[in-house]
Amino acid sequence: MSSGYGVSLAELRRHVAARPTWRCRACAAPWPCQPAKLCLRAEYARDRVGLAIYLCVLMHDAIADRLRTHPDEVDPAGYFARFIGWTRH
């Protein structure tokens, strides 16, 4: 199955978060990495609100993990941009 971006959804689905670092298991970029965003856009193409809600839950988990490991390094605005901000475009 195609993602509509010239890459298979199966390939994009390999880009999942590794906790507690929230880095991509496939490419080691901060998650959601670009391939993960493409996959999420394809999967939630008809439910942008659902995508935002799903990512809000994951953002909460990522912040909680970061607070446990590096409590002085939490930037709420950065987490919002990383997890939610890109969904608005």
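Contact here means heavy atoms within 4.5 Å. Helices (H or I, at least four residues) and strands (E, at least two) are DSSP runs, numbered from the N terminus. The model is predicted, so local features need pLDDT of at least 70 and side-chain atom pairs count only at pLDDT 80 or more, while totals for chains, interfaces and linings use all residues. Numbering starts from 1 along each chain as its sequence is written, and side-chain values use heavy atoms, without hydrogens or water.

**Stop 1: helix 3 and helix 4**

Select residues 48-69 for helix 3 and residues 76-83 for helix 4. On the helix 3 side, pick out Leu 55, Leu 58, Met 59, Ala 62, Ile 63 and Arg 66. They meet Tyr 79, Phe 80 and Phe 83 of helix 4. By class, this contact has eight nonpolar, no polar and one charged residues. (Ala, Val, Leu, Ile, Met, Phe, Trp, Tyr, Cys and Pro count as nonpolar; Asp, Glu, Lys and Arg as charged; the others, Gly among them, as polar.)

Now look at the geometry. Two packed helices are described by the angle between their axes and the distance between the axes. Here the axes come within 10 Å and cross at roughly 140°. Axes are lines fitted to C-alpha atoms, for helices over the stretch in contact, with angles from 0 to 180 degrees between N-to-C directions. Helix 3 and helix 4 are therefore oblique to each other. (Under 35 degrees is roughly parallel, over 145 roughly antiparallel, 65 to 115 roughly perpendicular, and the rest oblique.)

**Stop 2: Trp 22**

Select Trp 22, in the loop between strand 1 (17-18) and strand 2 (23-24). Its relative accessible area is 4%, so Trp 22 is buried. (Buried is under 20%, exposed over 50%, partly exposed in between, with a 1.4 Å probe and protein chains only.) Beyond four places in sequence, its contacts include Ala 17, Pro 30, Trp 31, Leu 58, Ala 62, Arg 82 and Phe 83. Asp 65 is another contact of Trp 22. Those two residues are 43 apart in sequence, yet 8.6 Å apart in space, C-alpha to C-alpha. Check the backbone too: Trp 22 is not a glycine, but has a positive phi of about 55°.

**Stop 3: the loops**

Stay between strand 1 and strand 2 and select Pro 20. The peptide bond from Arg 19 to Pro 20 is cis, with omega near 10°.

Next, go to the loop between strand 2 and helix 2 (34-43), where Pro 32 sits. The bond from Trp 31 to Pro 32 is also a cis peptide, with omega near 5°. Ala 28 is in the loop between strand 2 and helix 2. Ala 28, not a glycine, has a positive phi of about 70°. At 47% relative accessibility, Ala 28 is partly exposed.
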